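The notes follow the order in which I looked things up.

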Amino acid sequence: MNTKLKEGIDWVGYIDWTVRDFHGYKTESGSTYNAYLVQDEKNAVIDAVKAPYVGKYLERIKALTPLESIDYIVCNHAEPDHSGGLPGILAACPQAELVCNAKCKTALEKHYDTAGWKWHVVADGDTLSLGKRSLAFVDTPMVHWPESMFTYVPEEKLLFSMDAFGQHYASAFRFDDEEPLDVILQEAKAYYANIVMLYGRPISQTLERAADLEIEMIAPSHGVIWRSHIKEVFEAYQKWVVCKPAAKVVVLYATMWKATEQMAQAILEGAQECEVEAQLFNVDSTHMTRIVTEVLDCAAVAIGSPTLNNGIMPSMAGVLCYMKGLRPANKQGFAFGSYGWSKRGGPNEVAEAMDVMKIEAMQEPIRSQYAPTPEILEQCREAGRAMGKIAEQYK
Ligand code: FEO
């Protein structure tokens, strides 16, 4: 396996082939926890791995240099998938100072017993000389947590970008040109949608700062390292940070006795009359990870639930809770669904959730008492056509 980024700079992370859950994100492709060793007159390790894998991480470092030779360990992000290995490496590297910003120090002190850790606190814009090369630190708050930071090696035009540009993607290969571009961009899109979509504005500001740097390589904390397709992933991020709509509509539904499903199918049929990509997902058979990835770039979304116990179906409630946290922007849409005797019911709760997400309401919810009549199904088709017309503007 080629793990060499540059002469004296190597990947020393861990490939997690089997992980399938990342706080709700279904990681069907596994993940990697990337860490890097920069060898110079002083040696620095960039980031750590999840706690259970610290042994393998130390073995990779030891294969390149004695642990006693490590001078600095940089923590770009305190989330435990990157910081969990810090207690282990700090115990094994007695000389090492932990380099991080002040917010990160505070977070690490709340996660771990940090007694005895040698801190080297840096601020935005600080640099640390390693000899021929240096590390420059760029605060990137909310990409993904408040303490998040990039580390840049100007002499190598190399950016350690932490979660940004990452993918939950286990691979035998470390570099973007060793994998199909469409696969890694799709994984990067899923990662963006499921991990950081809520933080589009700070990510956009970070992209602006990153655009001022000369970059030949982006080494994120998950997935492949970008060296041949930096332009492509930058352009994709510029679309994702604003949830730029495509000519695409998404219909989501839960169903009980198939009434809401019939309505969803009719909405889809209406949208399919337009020249757009129209997708349909039953939330009971499609994981929310896929759903938010598809919603990220749709122009319009219709969301339907029947009424159960005077409220929404629990499976749809879970999806809406997840979506409300991630807040897909720049969408229009409407709610729909069936009811029996409750005045409130599933469609109303869906509409309220869409309002919270600031999905612009195209119309009032479409409701059907019990099974939909032909007239209600035609209303659904018409609403689907209206969604399609909205999406056609983005062709
Ligand atoms: Fe990969 Fe926000 O941690």
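Helices (H or I, at least four residues) and strands (E, at least two) are DSSP runs, numbered from the N terminus.

I noted that this is a predicted model, where local features need pLDDT of at least 70 and side-chain atom pairs count only at pLDDT 80 or more, while totals for chains, interfaces and linings use all residues. Residues are numbered from 1 along each chain as its sequence is written, and side-chain values use heavy atoms, with hydrogens and water left out.

I looked up helix 5 (residues 181-196) and helix 7 (residues 230-240). Their axes (lines fitted to C-alpha atoms over the stretch in contact, with angles from 0 to 180 degrees between N-to-C directions) come within 11 Å and cross at roughly 35°. Helix 5 passes helix 7 in a right-handed crossing. Contact means heavy atoms within 4.5 Å; here Leu181, Leu185, Ala188, Lys189 and Tyr192 of helix 5 meet Glu232, Val233, Tyr237 and Trp240 of helix 7.

I then took helix 8 (residues 259-272) and helix 12 (residues 374-392), whose axes come within 6 Å and cross at roughly 40°. Helix 8 also makes a right-handed crossing with helix 12. Residues making the contact include Met263 and Ile267 of helix 8 and Leu377 and Cys380 of helix 12.

Entry on domains. I found domain 1 (4-240) and domain 2 (248-390), with bounds from an automatic or database domain assignment. Their C-alpha centres lie 38 Å apart. In contact are 13 residues of domain 1 and 13 residues of domain 2.

Entry on cores. A nonpolar core is a set of buried Ala, Val, Leu, Ile, Met, Phe, Trp, Tyr and Cys residues joined through side-chain atoms within 4.5 Å. Buried means under 20% relative accessible area, with a 1.4 Å probe and protein chains only. The largest core has 63 residues, and Phe165, Tyr192, Ile203, Leu252, Ile303 and Met316 have the most contacts inside it. Helix 5 gives the most to this core, with 8 residues.

I checked Ile203 and, leaving aside neighbours within four places in sequence, found contacts with Val143, Tyr192, Val196, Tyr237 and Val241.

Methods: Buried means under 20% relative accessible area, exposed over 50%, partly exposed in between (1.4 Å probe, protein chains only). A crossing is left-handed if the near helix is turned anticlockwise from the far one by less than a right angle, and right-handed if clockwise.
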